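Biologist: Could you take a close look at one part of this protein for me, the strand pairing towards the end of the chain? Start with the overall picture, then zoom in.

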Amino acid sequence: TVSGIDTICSGQSVNVFASANGGTQPYNYLWSNGATGNPISVSPTSLFTVYYVTITDSNGCMASSPTGDTIYVFPALSVIVYSDTTICAGQAVSIGAIASGDNHLYTYNWSNGNTDSGPFSISPTTTTTYSVIVSSGCGGIISSQIIVKVNPVPNIQFSGNVIKGCIPLNINFTNTSTILSGNIVFWLWNFGDATFNDTTQNPGHLYELPGNYTVTLTAISDSGCSTTISKTDYISIENTPVSNFVLNPTNGCVNTNITATNNSSNATKYLWTMPGSNYSDTSTRFNPFPFSYPMDSTYIVTLTASTDYGCTSTSQNNVTICCCTELYVPNAFTPGLNINNKFFALGEGILFFHMSIYNRWGGSGLLVYETFDISQGWDGTCGSLPAPEDVYVYQIEYTIECGSIIPKYTQGIVTVIR
């Protein structure tokens, strides 16, 4: 009889034998492959080989085995690796190998140190060849390789000619992006202000609202590799300052104190200039100290309001200063004499004049005399009678012109001497 299935590695040998009984020994063995003897050594190359035997005893009686000895030969060792591939720098790709044949006891040794079939992820920075050597339990060794081509990605750089300012602010962006090989063929800008994206290489953009804006640029190469960079809060836009102030008064006499009230908005810094004033030619206070002018003229007061980003706004107001006539009023007179016998005020440029004279209780007392003519003085009488020697109170209202009509007022006492 011949029976059984044996498995061998490609190139190996194995003994095939038969057992017989009966008849008259010795037996002669003739195998289907032409070999004689028992056992025989065979080295089949086919995947399956069946060996049959015919036995003849010494009397010439023959017997053939109904079954043979089947020898299975492992297929030759082979390996299939993942296809060569192309990626962009910074990307990952999976590679691996699948071995077959021999006895399936495989050992993998990759050039990057991996020891399994994969797949496993790799991220080469340059084009790299990954080699694998596969060994089997039958002693077979085979190798293969995978080429991973790495295309460079754009190196994005950009800047704005100005990144801080006040609305409306037009910014010109300069794109200095580069790539190691190939060309950058597409640009996509996002300016962070909900406007349409721009695809020009070096765009200009107008910001019309205050705020902080993140600018994003995406670049794509001719190999399809892209990079995106965002500069967070790269652009800072403020409201435009508005310089505004009022002067009080806007006209007056020499050395009249003038107050400036700052009504500016959207500003953090202030510069006042008031050339020729008694206080100072400049001030950086929100409201300057009151100031005056020593000479008659029309002066220009300027306020420059600015922001931390250097945006400015300037406004101006005029102030007119006059050499106003002083009103001279004596404090005593002697009615009835030839000199100093009338009480009146002296002054020039008086537009309106009203003088009232009262007894010592002033306005709450008796009105002694009243005139609207500066040239008409009091002769010391009360009605038709001489006023008694005493101290009297005068009140004078008058106006002068200095750019506009300026009302004035003064009061004092005068003594009637008899």
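Modeller: The C-alpha trace spans about 200 × 40 × 30 Å along its principal axes. Bear in mind that this is a predicted model: local features need pLDDT of at least 70, side-chain atom pairs count only at pLDDT 80 or more, and totals for chains, interfaces and linings use all residues. Residues are numbered from 1 along each chain as its sequence is written, and side-chain values use heavy atoms, with hydrogens and water left out.

The protein chain has 37 strands and 0 helices; these are DSSP runs numbered from the N terminus, with helices being H or I of at least four residues and strands E of at least two. Of the contacts with a separation of 6 or more, 55% are between residues 24 or more positions apart, a contact meaning heavy atoms within 4.5 Å.

Now for your part. Strand 36 (residues 391-401) runs antiparallel to strand 32 (residues 352-358), joined by 7 bridges; two strands pair if DSSP finds at least two bridges between them. Here Met355 has Ile396 of strand 36 as its bridge partner. Strand 36 also pairs with strand 37 (residues 405-416), again in the antiparallel sense, over 11 bridges. There, Tyr392 is partnered with Val414 in strand 37.
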